[in-house]
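Work through the exercises below with the sequence and the 3D structure at hand. Try each task before reading its solution.

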Amino acid sequence: MKKLQISTGILRNAAGEIFITQRAADAHMANMWEFPGGKIEEGESPELALARELFEEVGILPESAMLFDKLEFEFPDRHITLWFWLVDSWQGEPWGKEGQPGRWVAQKDLLAEEFPPANGPVIAKLIAQA
Ligand SMILES: Nc1nc2c([nH]c(=O)n2[C@H]2C[C@H](O)[C@@H](COP(=O)(O)OP(=O)(O)OP(=O)(O)O)O2)c(=O)[nH]1
Ligand SMILES: [Mg+2]
């Protein structure tokens, strides 16, 4: 079974909105919306992976990151550990740098059905705290 560690950023602006992006049609969890992020590479810390992935995918440099949740999930073909970082300060303006659609959503309006099943608990926690 493939084992992956993933670092993702919950980018939240001063209005309490979160920037989410849509996964590609040919990717695992195709077309689902997600918190930008990706695989932690060999020898890389979760924080460093977060900064690298956020720059690659949405063009921002995080200035702070607080671990909000860490979840394990078993897909039929892989076991993933997801690190969800709350980022409320960054340099730049997030956009779909890899051509992916992106949008701001009020924290209370996040919809679990739009995200991969692994995100269920973190979406519930975000809504509860909105
Ligand atoms: N980025 C992100 N990935 C998520 C979320 N929820 C969730 O189940 N995943 C899963 C989907 C993928 O199996 C994995 C993330 O991999 P990825 O495709 O983003 O990896 P990556 O950016 O490094 O891209 P690549 O190397 O495959 O090109 O985690 C989420 O909210 N954000
Ligand atoms: Mg990614």
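The model is predicted: local features need pLDDT of at least 70, side-chain atom pairs count only at pLDDT 80 or more, and totals for chains, interfaces and linings use all residues. Residues are numbered from 1 along each chain as its sequence is written, while chains are lettered from A and ligands numbered from 1 in the order in which they are written.

**Exercise 1.** List the secondary-structure elements of the chain in order, then describe its overall dimensions.

Solution. Start with the count: the chain has nine strands and two helices. Helices (H or I, at least four residues) and strands (E, at least two) are DSSP runs, numbered from the N terminus. Next, read the order from the N terminus, which is β-β-β-β-α-β-β-β-β-β-α. The radius of gyration, taken over C-alpha atoms, is 14 Å, close to the 14 Å from the globule rule for 130 residues, so the chain is as compact as a globular protein of that length. The rule is 2.2 Å times the number of residues to the power 0.38. Finally, the C-alpha atoms fill a box of roughly 40 × 30 × 25 Å along the principal axes.

**Exercise 2.** Find the contacts of Pro 94 beyond four places in sequence.

Solution. Two residues are in contact if their C-beta atoms, placed from the backbone, lie within 7 Å. Leaving out residues up to four places away, Pro 94 touches Leu 11, Phe 19, Val 58, Gly 59, Ile 60 and Gly 102. Then look at the whole chain: of contacts between residues at least 6 apart in sequence, 64% join residues at least 24 apart.

**Exercise 3.** Describe the shell around ligand 1.

Solution. A residue is near a molecule if its C-beta atom, placed from the backbone, lies within 6 Å of it. The shell holds 18 residues, and the closest are Glu 34, Gly 37, Gly 38, Pro 116 and Ala 118. Strand S1 (2-12), strand S4 (37-39) and strand S7 (78-87) each give two or more residues. S4 gives the most, with three.
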